[in-house]
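Work through each task before reading its solution.

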Amino acid sequence: MRSFLLALSVLFLTVLPANGETVKDFIRHYVREHFPGKAIVFISAPDKDINPEKTEVALTSEDRYYLRFRLYVKSNGGEDIIPVNVRVANLKPVVVAAHDILPKSLIKTDDLKVKKVTESRASLGFNSIDDVVGKRAKRLIRAGSIIKPSDVMPDYRVFKNAPVKVIYVSGNIRIEMVGQALQNGALGDIIEVKNISTGKKLLCKVIGNGVVEFVP
């Protein structure tokens, strides 16, 4: 008798998955296939099995937070109607680290990749790789981490209060002098520089490491 019950239980466990799928699993697969821009937060549905091959799906309504369905399941010559509500969140692209990025590293394209996350998480970071390339890491950024504005800084070539070489060019005339940067500056930035000799403030363009050019 014991061996018979054991064999019966094994048969039951073997056959059940072939005959059906839970409503939640069915709708989870359906949403992932037909709504790739959505992430499932939770599913409100009866805890029962259905036969996917005998199930039709109708989307009854959709808004920012919910997808509402009716499942029409044929069974024993009749048809069951099962309402299902799915709480969803929109997916948005965000830039993440492709591998660990060390502090002070200059960030390159192959250091980054884009993945889709929920809208709220995507708002923490950058949605384009171009917005991050060329910046330097302020701290260690772990692989897979969302890169936030607070994690990076511009690749400054000139630093506030540091001495800089100021180049003045007009026609064939070229003059070089020493100045003091009053702001940090990356390549192409226009910053204020103090002329050490006169104390006057000049507007200059950053053109290299510790080098600026006077902007008339």
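**Exercise 1.** Find how the side chains of lysine 74 and glutamate 56 meet, and where the two residues lie.

*Solution.* Step 1: the two side chains form a salt bridge, with an N to O distance of 3.9 Å; the term stands for a side-chain nitrogen of Lys or Arg within 4 Å of a carboxyl oxygen of Asp or Glu. Step 2: lysine 74 belongs to strand β5 (residues 66–75) and glutamate 56 to strand β4 (residues 55–62), so the pair links distant parts of the chain, 18 residues apart. Helices (H or I, at least four residues) and strands (E, at least two) are DSSP runs, numbered from the N terminus.

The model is predicted: local features need pLDDT of at least 70, side-chain atom pairs count only at pLDDT 80 or more, and totals for chains, interfaces and linings use all residues. Residues are numbered from 1 along each chain as its sequence is written, and side-chain values use heavy atoms, leaving out hydrogens and water.

**Exercise 2.** Decide whether lysine 74, glutamate 56 and glutamate 79 are buried or exposed, or in between.

*Solution.* Step 1: buried means under 20% relative accessible area, exposed over 50%, and partly exposed in between (1.4 Å probe, protein chains only). Step 2: lysine 74 has 43% and is partly exposed. Step 3: glutamate 56, at 49%, is partly exposed, and glutamate 79, at 45%, is partly exposed.
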